[in-house]
Amino acid sequence: MELELAGDELRSVLNRLRRAQGQISGVIRMIEEGRDCEDVVTQLAAASRALDRAGFAIIATGLQQCIVDAESGAGGGKDQDQMRARLEKLFLSLA
């Protein structure tokens, strides 16, 4: 399954990933500075949510592409079953 992200989708995913990158850098800095454990965990949870949202956005785009392909008659039968299994596995990997 190849994923094609259009302009707005790509920007959204990249923004989420950059946000997570900044938050992870902040967590590292906080640990190096000996900051409060609760603050570190809160920031780490925010980074984790940002990564999850980016992953779900990517999977949602994949689902959308599968629906469009199915409606246009591309693929079918065994290919659709394989795609469904792969997408399910991707969803579960983020759970």
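Leu17 is partly exposed, because its relative accessible area is 33%. The cut-offs are these: buried is under 20% relative accessible area, exposed is over 50%, and partly exposed lies in between, with a 1.4 Å probe and protein chains only.

Two notes on the ground rules. This is a predicted model, so local features need pLDDT of at least 70 and side-chain atom pairs count only at pLDDT 80 or more, while totals for chains, interfaces and linings use all residues. Residues are numbered from 1 along each chain as its sequence is written, and side-chain values use heavy atoms, with hydrogens and water left out.

Now the overall picture. The protein chain has 3 helices and 0 strands. From the N terminus, the order is α-α-α. Helices (H or I, at least four residues) and strands (E, at least two) are DSSP runs, numbered from the N terminus. The chain has 95 residues, and 18% of them count as buried. Its accessible surface is about 6900 Å², and carbon and sulfur atoms hold 53% of that. Those areas come from the Shrake-Rupley method with a 1.4 Å probe; for residues, only the protein chains shown count as cover.

Next, contacts, meaning heavy atoms within 4.5 Å. Take the contacts between residues at least 6 apart in sequence: 73% of them join residues at least 24 apart.

How confident is the predictor? The mean pLDDT of the protein chain is 80, and 79% of the residues score at least 70. That score is the predictor's confidence in each residue, from 0 to 100. Helix H1, residues 7-32, has the highest confidence, at 89; helix H3, residues 78-94, has the lowest, at a mean of 74. Where pLDDT is low, the predicted coordinates should not be read in detail.

Back to the surface around Leu17. Leu17 belongs to a nonpolar patch with Leu10, Leu14, Ile24, Ile28 and Leu51. Together they have about 440 Å² of accessible area. H1 gives the largest share of the patch, 5 residues. A patch takes residues with over 30% relative accessible area and no salt bridge; nonpolar side chains (Val, Leu, Ile, Met, Phe, Trp, Tyr) are joined within 5 Å, like charges within 9 Å.

Beyond its neighbours within four places in sequence, Gln23 is in contact with Gln43, Ala46, Ala47 and Ala50. A polar atom of the Gln23 side chain lies 3.4 Å from the backbone nitrogen of Ala47.

With a relative accessibility of 53%, Gln21 counts as exposed. Gln21 and Ala50 are 29 residues apart along the chain, yet their C-alpha atoms are separated by 9.1 Å.

Now charges. How many salt bridges are there? The count is 1. The rule asks for a side-chain nitrogen of Lys or Arg within 4 Å of a carboxyl oxygen of Asp or Glu. The partners are Arg35 and Glu33, with the closest N and O atoms 3.9 Å apart. Arg35 counts as partly exposed, at 43% relative accessibility.

Last stop, helix H3, where Arg84 is placed. Arg84 counts as exposed, because its relative accessibility is 64%. From Arg84 to Leu63, the C-alpha distance is 8.9 Å, across 21 residues of sequence.

How values were computed
Polar contact = N/O pair within 3.5 Å; in protein donor to acceptor, adjacent residues only side chain to side chain.
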